[in-house]
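The sequence and structure come first, and the description follows.

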Amino acid sequence: MDLASFPRIQLAHLPTPLEPLEALSRHLGGPDIYVKRDDCAGLAGGGNKTRKLEFLMADALEQGADTIVTVGATQSNHVRQTIAATVKLGLQAEVLLETAVVRDDDYAGNGNVLLDNLMGATIHHCEPGENLDVQGHALADELASDGANTYFIPTGGSNVIGALGYVDCADEILGQAGEMGLGVDAIVVASGSQGTQAGLLVGLANAGSEIPVYGICVSRSGAELEELVFELAKKTADFAGVTAPILPGSVMCDGGYYAPGYGQPNDGMIKAVTLCARRVRPVNPL
Ligand SMILES: *Cc1c(COP(=O)(O)O)cnc(C)c1O
């Protein structure tokens with residue numbers, strides 16, 4: 001595999017730090033937890049979609065696109081990072097937001113939506129139920145028939161091109177862990193559109209690493225997600241020229257955390273987020 005042979009543009013601040021969560025690890029009584037700070041990737045608030053966009057946007061530019069079309073749920077981090085990338089590159093952004101979570105507060109106007117609007121994207125809305133990528137493609141076709149050179153990015157930027165960002169990230173993690181003298185027993189990721197988990201699996205397989213990757217489902221059952229991650233990982237390995245096999249048994253997804261549904265908090269989640277917010281400081285700051 002030679003990742004350098006794929007078109008890529010620099011959008012992320014890399015490498016992102018790999019930091020110990022000392023107080024949290026101590027509070028929980030172990031294991032030693034480290035966080036890969038992809039929230040520091042640097043694109044209008046950061047996040048994991050930026051690594052994918054380095055490859056996707058390079059492909060879009062190679063194809064002569066002037067308009068990027070993408071899709072997501074109302075508070076999509078992917079949509080916000082994609083819009084930021086278009087601003088940076090001087091492209092138009094047309095996004096389709098699905099009203100997947102209905103709430104009676106200002107959910108539909110704050111957070112990422114505030115930034116999406118601030119950055120000047122054209123926002124379209126649709127109801128849930130239909131296939132969002134199909135609707136996004138239809139929007140792209142419509143814009144193309146009006147003369148735009150469109151480039152469509154699917155949900156979460158998770159196709160074989162976007163997943164290359166996390167193939168590369170696997171190497172980054174292995175390199176940092178090596179420098180820090182750190183033995184990694186497991187990698188845990190939130191997993192939705194599959195590109196992050198699939199990319200890491202391919203990158204680790206390519207490096208001959210046997211570190212297990214656990215995907216925590218944000219939007220579907222474990223069995224369903226395992227199948228989707230496996231499919232994308234196989235396709236990504238083919239695309240990237242990785243010859244190491246992707247074994248079905250290496251794809252592990254846990255659907256036990258996302259109740260009552262996508263984008264909806266539960267008591268355990270609020271407790272966990274609060275705990276993290278209060279227990280991440282270094283134990284001996286001086
Ligand atoms: C998109 C996203 C994920 C999931 O990544 P996928 O590649 O879509 O599986 C996890 N965490 C955050 C904060 C995200 O925005």
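Strand S8 (residues 213-217) and S9 run parallel and are joined by three bridges. Helices (H or I, at least four residues) and strands (E, at least two) are DSSP runs, numbered from the N terminus. Within this pair, Ile216 has Asp254 in S9 as its bridge partner. The model is a predicted one, in which local features need pLDDT of at least 70 and side-chain atom pairs count only at pLDDT 80 or more, while totals for chains, interfaces and linings use all residues. Residues are numbered from 1 along each chain as its sequence is written, and side-chain values use heavy atoms, with hydrogens and water left out.

S8 and S9 belong to an open sheet of three strands, ordered S7-S8-S9 with parallel pairing; two strands pair if DSSP finds at least two bridges between them. Strand S7 (187-191) and strand S9 (252-254) are the edge strands, each pairing on one side only. From one strand to the next, the twist averages 30 degrees.

Two helices contact this sheet. Helix H7 (residues 195-206) lies across S7, S8 and S9 and runs at about 150 degrees to S7. Axes are lines fitted to C-alpha atoms, for helices over the stretch in contact, and angles run from 0 to 180 degrees between N-to-C directions. Helix H8 (residues 222-240) packs on the sheet as well, touching S7, S8 and S9, and its direction makes about 145 degrees with that of S9. Contact here means heavy atoms within 4.5 Å.

## The four-stranded sheet

Another open sheet has four strands in the order S5-S4-S3-S6, with parallel pairing. The twist averages 20 degrees from one strand to the next.

Strand S3 (residues 67-73) is joined to S4 by seven bridges, and the two run parallel. The bridge partners in S4 include Gln92 for Thr67 and Val95 for Thr70. Strand S4 (residues 92-98) is mostly covered, with six of its seven residues buried. Buried means under 20% relative accessible area, exposed over 50%, and partly exposed in between (1.4 Å probe, protein chains only).

H3 lies across S3, S4 and S6, at about 165 degrees to S3. Helix H5 (residues 132-145) lies across S3, S4, S5 and S6 and runs at about 155 degrees to S3.

Gln75 sits in the loop between S3 and helix H3 (77-89). Gln75 is buried, with a relative accessible area of 16%. A polar atom of the Gln75 side chain lies 2.5 Å from the backbone oxygen of Tyr107. Leaving aside residues up to four places away in sequence, Gln75 touches Tyr107, Asn110, Gly111, Asn112 and Val113.

## Salt bridges

Side chains of opposite charge can pair when their charged atoms come close. There are nine salt bridges in the structure, each defined as a side-chain nitrogen of Lys or Arg within 4 Å of a carboxyl oxygen of Asp or Glu.

Arg8 forms a salt bridge with Glu54, with the closest N and O atoms 2.9 Å apart. This pair links distant parts of the chain: Arg8 is in the segment before strand S1 (18-20) and Glu54 is in helix H2 (residues 49-62), 46 residues apart. Arg8 is partly exposed at 36% relative accessibility, whereas Glu54 is buried at 2%. Arg8 also forms a salt bridge with Asp168, again with the closest N and O atoms 2.9 Å apart. Because Arg8 lies in the segment before S1 and Asp168 in helix H6 (residues 160-180), the pair ties together parts 160 residues apart in sequence. Asp168 is buried, with a relative accessible area of 18%.

Asp39 and Arg37 meet through their side chains in a salt bridge (2.8 Å, N to O). Asp39 is partly exposed at 41% relative accessible area, and Arg37 is partly exposed at 22%. Salt bridges that share partners also join Lys36, Asp38, Arg51 and Glu172 into one network.

## Lys49, buried without a salt bridge

Lys49 is found in helix H2. Lys49 is buried yet has no salt bridge, and the nearest side chain of opposite charge, Asp38, is 9.9 Å away. For charge, Lys and Arg count as positive and Asp and Glu as negative; His and the chain ends are not counted.

The side chain of Lys49 makes a polar contact with the side chain of Asn48 (2.8 Å). A polar contact is a pair of N or O atoms within 3.5 Å; within protein, one must be able to donate a hydrogen and the other to accept it, and residues adjacent in sequence count only if both atoms are side-chain atoms. Not counting residues up to four places away in sequence, Lys49 touches Asn77, His78, Gln81 and Gly156.
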